[in-house]
Each structure stands twice: as structure tokens, then as C-alpha cells.
Amino acid sequence: MKKRYLVVMLILLSFASLFVGVTNISPFDLFRFDDHQTQIFWQSRVPRLISILIAGVTLSISGFIMQQLSRNKFVSPTTAGTMDSARFGILVSLVIFTSASPIEKMIVAFVFSLAGTFLFMKILDRIKMKDPIFIPLVGLMFGNIISSITTFFAYQRDLIQNMSAWLQGDFSMITAGRYEMLYISIPLVVIAYIFADRFTIAGMGEDFARNLGLNYKQAVNVGLVIVALSTTLVVLTVGLIPFLGLVVPNIVSIYRGDNLKNSLSDTALLGAVFILFCDILGRILIYPYEIPIGLTVGVIGSGLFIYLLMRRRDYA
Amino acid sequence: MVEVQAVSKSYGLKAVVDNVSVNIEKGKITSFIGPNGAGKSTLLSIISRLLSADTGEVLIDGQKVNETKNRDLAKKIAILKQSNHLSLRLSVRDLVSFGRFPYSQGKLTKEDQVYIDEAIRYMELEDMQDKYLDQLSGGQKQRAFIAMTIAQDTEYILLDEPLNNLDMKHSVQIMKVLRRLADELGKTILIVIHDINFASVYSDYIVALKDGKIEAQGTVNEIITSLTLKQIYGMDMPIKEINNQKICVYFS
């Protein structure tokens, strides 16, 4: 997969995304929109596209960073409890501050997802059996435990309805004023690029890192903060998007290798293209209704995940 | 000079390295030999600060290792451990490039590229520099790791069983490269090595460990004698001189 194909696909899909929807907006009308069209375009279509792109890019990069730091190809925000912890954090913020502002929610959810991810990394250190497939299973179990705690408290407090909004990723609710928080993740991508070499060296193991004079703990901490914060932002604005951070980095790794500095732009591009594709698919399959992105990515992503598991033996 | 002063390290009740003191001269190849479990690798890890000693000190050029900044040490001393299991798919060249990290912190300069090219040439990896590590054989991988260590361009190079997985041709190639690094560039090389004939032919100084203690140390002529080797390994081996080199015949 050449990078320029990805760029072309990204542009085409982005363009398509702007003009798919219930309100008929055609690219030919671009310069003579009526009021309604203008409003839909700027209040809904553009924010939706931007949030899709940011979510796709940050989740994929987060996945890549996690796979390097945990030294396991199958660890990602979905399979390490990061997303579930973020959701637990949202619940806690809803319970503590009854009408939590977005910023409050973000901070509490971030703290929880960071703590959850750290906890998973600690569990990882303790596990003696470093079977590559065993570890994401532990992560999935860990995530499910946190998720069931969330459900328990949500049930007690009559918040199930509220929480389900964050259970399934859905871009159809994105309108101007509800997604801008995602912009916070753009500087995170820049930091990820600056730290790319450090993450890769950390991924070679603690001894390797020390030999090369790298501050291993610092690299791991920076990586986990990037992962936890960008995941939190996506969960808060869009909802859970499973498997993206798993499938995209693995595909890129196969054709481009694991030197993060080389792979970062491919990961970002492929992540954006993949999620855009899934979103457009979800929008046209049962037109004029929509299938939420969490579901389309979940189905296509888990299929690809199984495929990766099976071909794993060939190149591992 | 590396000064190891009364270093001890235990795991549980077992003392793996037991009150070891040794001085290692600059610009020489020093081999650490001894039976399995003698504490050679542990000692090397302590010298290279990957492990910390329970008691005792390691000084490199008069500076205490555990009080020197990690980043500065990375320009002075490089270590390659025994098993290098990478789960990352890196190309040979990328791996060797990471050897420049202590200097470049990620931004490779032209000078860095020169070192990288040179290290790749030293290890004869030119043809496969763009291949991924997981496409290489065990020996090729090992050479790539050693190339990375060479690119790190440190005064001290510590290699834990560098000849693992290598056939004779490549074992000889690596020992010759190490010899050149010591003779031409004045590097100080410390290796843990199992094949005592390689130790005999290529090293300047030999340190023999047994049960965590130094059993013997000295020049090749002092250590490679039937008597000393019997003390170390507990087996009789005749020593033949071939082309002025002492070869141990330990096959029977």
C-alpha cells in the first residue's frame, strides 16, 4: 500500500463523507447552498468529518504506541481496558458532579483511563506466561470487569441510559459545539511523533533502552498519557470504537515495519481512511437510517482481528 | 579502566556474584570464561549498570557507574545481552541506527549515517540492511545486533556470548572485528565466551569465574594451562600448541 494511494483515498472518502446524508447536499450546489443546506453543512457534516478524522488518527496511533510499549501486537486501547476505564471515569464524574461540565468529565475520565492502563501494564509485568495471545485476553477480561462495575453502578443510579451513549461509538450525534474537545488530541499526535524513536527503543525492552541511555520510565509514561488522553477524548465525544487501534497498526506493521517514526504517517492515514470507510458504509447500508460506527468498525475490525490472529504464525 | 571493587549480588540466598574484584585494562580484549552459572553474565550486567550490585562498586575511568547519568554512560559503554528477543519488526539499518540514539536523540546527522554505514560494513550486512530482522537467520540477527553496538561507538563494548547462534565463519569474523576494534581503534572489549579456544586465540586477558568467585585471572599463557582449566571446569584437557596458539582439546 503506497502512501499516495492512501492520500487519494482519504481525499475521496472525505469528500464523499461531506455529501452523504439525509439532507440532500450535492457537491454541485457547493456555491449556491440555501440556508438549510449551509447550516447542515457547517453544523453537522464538517464537524462530523473532522471528528472522524481525528478519532481515526489518534486511536490508531495510540494503538501503535501501546503495542510498542507492551511489546505485544495485540494490545490496544480496546484490549487493555483503557476504553472501559475511561467510561467508568465518565460514570464516576456523572455521579459525583451531577451536572458535570465537559471539562470535568474529561479530567475524571482521563484519570480513570490512565489509572486503568497503568494497572494493566502492572498486571502485564507480573504475568509470567508471555504468550502473545494470552495477554490481550487478560486485557479483555480486565476491561470487562471494569465495564461490569460501571454497569452495576450505572444501574443503581439509573444512569444506564446515559451510559449507553458512551457505549457505542456514534458520529451521528456530532454537531458543532459537541466535538471541539477532540482538537486537544492534535498536539498529542505531534508529541507522539517527537517521541516516536523513544517509544520504539522502549519497545525493544528495558535493558536495550538503558543501554542506549533512554529514560525508559519517562518514555513509557509519556506514551501511556498520550494513549489515555486521546482515548478518553474519543470516548467522550464519539463513544467506544473498538478494534481500530488494533487492526490498523498491525496492518501497517506488516508492510511498513515497526519503526514508529517511519510508520506513524501511514498509521494515521490508514486509520483515518479505515474509519471513514466504515462510517460511510454505516450511513448508506440502511439509508436513510444509520448504523453506529462502533458497530461497523466492531464487525469489520473483529473480522480482521481474527484474520490477523490466524496469520500471526506466518510472520511472528 | 574498569575497576570492579568487591561486588556481590545474590538472588535469594544464592550469591551469584560473590565479592568479586577485578581491574580491566583499556584497549584490550578481556574474556570472561567459566562453567554455566558461574555468574559471568551477571557480572557483565553489573558492570554495564543494567543490574545494580548488592554491595561493592564499579568504576569506569574513575567514575562510579551508579552515580553517572544514564545518558552519558550510553556514550561510554555499550552492552549486548545474550538473548535479544525483539517483538518489533525493524529493518537491519533501523536497528543499527538506534545505536546512534545516545548522540542523536532521534535526529540522525550525516555523521551518524557515516557511523551506521561503517558498522554495517564491519559486520558485512550491506546486502541485507533493508531486510526486516524477522526475515534473517539467527546468526544474521546476531550480527545486526553487534553492528548496532558498534554504531554506538563507545570506548567500552560488553558482549554477552556474542558467538551464540553463529557458525565458525561468522564466529571468526566477529572475533576478528573485535580484535580490529581493540587494536586499531583502542576500544576496550569485555566478552563472555564459552568456547575457550576462541578465548585463547583472540583475547589479551582472561578472567575465569566459578561459583560467583574469581577462580583465576591472567594472560592467555597463564590461564590456558591444563592445571588451571581443570580447576575451573573440573575436567582434564590436553593443550596443544598449533601455530603458536594454545588450543584446548576438550572433546574426550
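Helices (H or I, at least four residues) and strands (E, at least two) are DSSP runs, numbered from the N terminus. This is a predicted model: local features need pLDDT of at least 70, side-chain atom pairs count only at pLDDT 80 or more, and totals for chains, interfaces and linings use all residues. Residues are numbered from 1 along each chain as its sequence is written, while chains are lettered from A and ligands numbered from 1 in the order in which they are written.

## Chain A

The UniProt annotation "transmembrane region", from an unreviewed entry, covers residues 49–67, 88–121, 133–155, 176–196, 222–255, 267–285 and 291–310 of chain A. UniProt positions are given in the numbering used here, feature names are shortened, and annotations may be inferred rather than shown by experiment. Two of the spans are set out below.

| Span of chain A | Helix | Strand | End C-alpha atoms apart |
|---|---|---|---|
| residues 88–121 | 85% helix | 0% strand | 18 Å |
| residues 133–155 | 96% helix | 0% strand | 33 Å |

A:Glu180 sits in the loop between helix H6 (160–167) and helix H7 (185–194) of chain A. A:Glu180 is partly exposed, with 13 other C-beta atoms within 10 Å. Burial is a count: a residue is buried if 20 or more other C-beta atoms lie within 10 Å of its own, exposed if 12 or fewer, and partly exposed in between, with C-beta atoms placed from the backbone. From A:Glu180 to A:Ile50 is 130 residues in sequence and 9.3 Å in space, C-alpha to C-alpha.

## Chain B overall

Chain B holds 10 helices and 12 strands. Its C-alpha trace spans about 50 × 45 × 35 Å along the principal axes. With 252 residues, a compact globule would have a radius of gyration near 18 Å, and chain B agrees at 18 Å. The radius of gyration is taken over C-alpha atoms; the globule rule is 2.2 Å times the number of residues to the power 0.38. Of the 252 residues of chain B, 43% count as buried.

Two residues are in contact if their C-beta atoms, placed from the backbone, lie within 7 Å. Among contacts in chain B between residues at least 6 apart in sequence, 64% join residues at least 24 apart.

## Strands of chain B

Two strands pair if DSSP finds at least two bridges between them. One open sheet has four strands in the order S2-S1-S4-S5 of chain B, with antiparallel pairing. Its edges are strand S2 (14–24) and strand S5 (63–64) of chain B, each pairing on one side only. Strand S4 (residues 55–60) of chain B joins S5(B) through two bridges, and the two run antiparallel. Here B:Leu59 has B:Lys64 in S5(B) as its bridge partner.

Strand S9 (residues 205–210) of chain B is largely enclosed by the rest of the structure, because five of its six residues are buried. Four bridges link S9(B) to strand S3 (residues 29–33) of chain B, in parallel. B:Phe32 is bridged to B:Val207 in S9(B). Six bridges join S9(B) to strand S10 (residues 213–219) of chain B, and this pair is antiparallel. B:Ile206 has B:Gly218 in S10(B) as its bridge partner. The hairpin of S9(B) and S10(B) has two residues between the strands, and B:Asp211 takes a positive phi near 50 degrees there.

## Domains of chain B

Domain bounds come from an automatic or database domain assignment. Chain B is divided into domain 1 (25–52 + 62–70 + 155–252) and domain 2 (77–153). Their C-alpha centres lie 23 Å apart. In chain B, 18 residues of domain 1 are in contact with 13 residues of domain 2. On the domain 1 side, helix H1 (40–47), strand S7 (156–160) and helix H7 (168–185) of chain B give two or more residues each. S7(B) gives the most to that side, with five residues. The domain 1 side divides into 10 nonpolar, five polar and three charged residues. Ala, Val, Leu, Ile, Met, Phe, Trp, Tyr, Cys and Pro count as nonpolar, Asp, Glu, Lys and Arg as charged, and the others, Gly among them, as polar.

## Where the chains meet

The contact takes 21 residues from chain B and 20 residues from chain A. On the chain B side, helix H2 (70–73), strand S6 (77–80), helix H3 (92–98) and helix H4 (101–104) give two or more residues each. H2(B) supplies the largest share of that side, three residues. The chain B side divides into 12 nonpolar, four polar and five charged residues.

B:Ala78 lies in strand S6 of chain B. B:Ala78 is buried, with 27 other C-beta atoms within 10 Å. Leaving aside neighbours within four places in sequence, B:Ala78 is in contact with A:Asn211, B:Thr149, B:Gln152, B:Thr154, B:Ile157 and B:Leu158. B:Ala78 and B:Glu155 are 77 residues apart in sequence and 8.3 Å apart in space, C-alpha to C-alpha.
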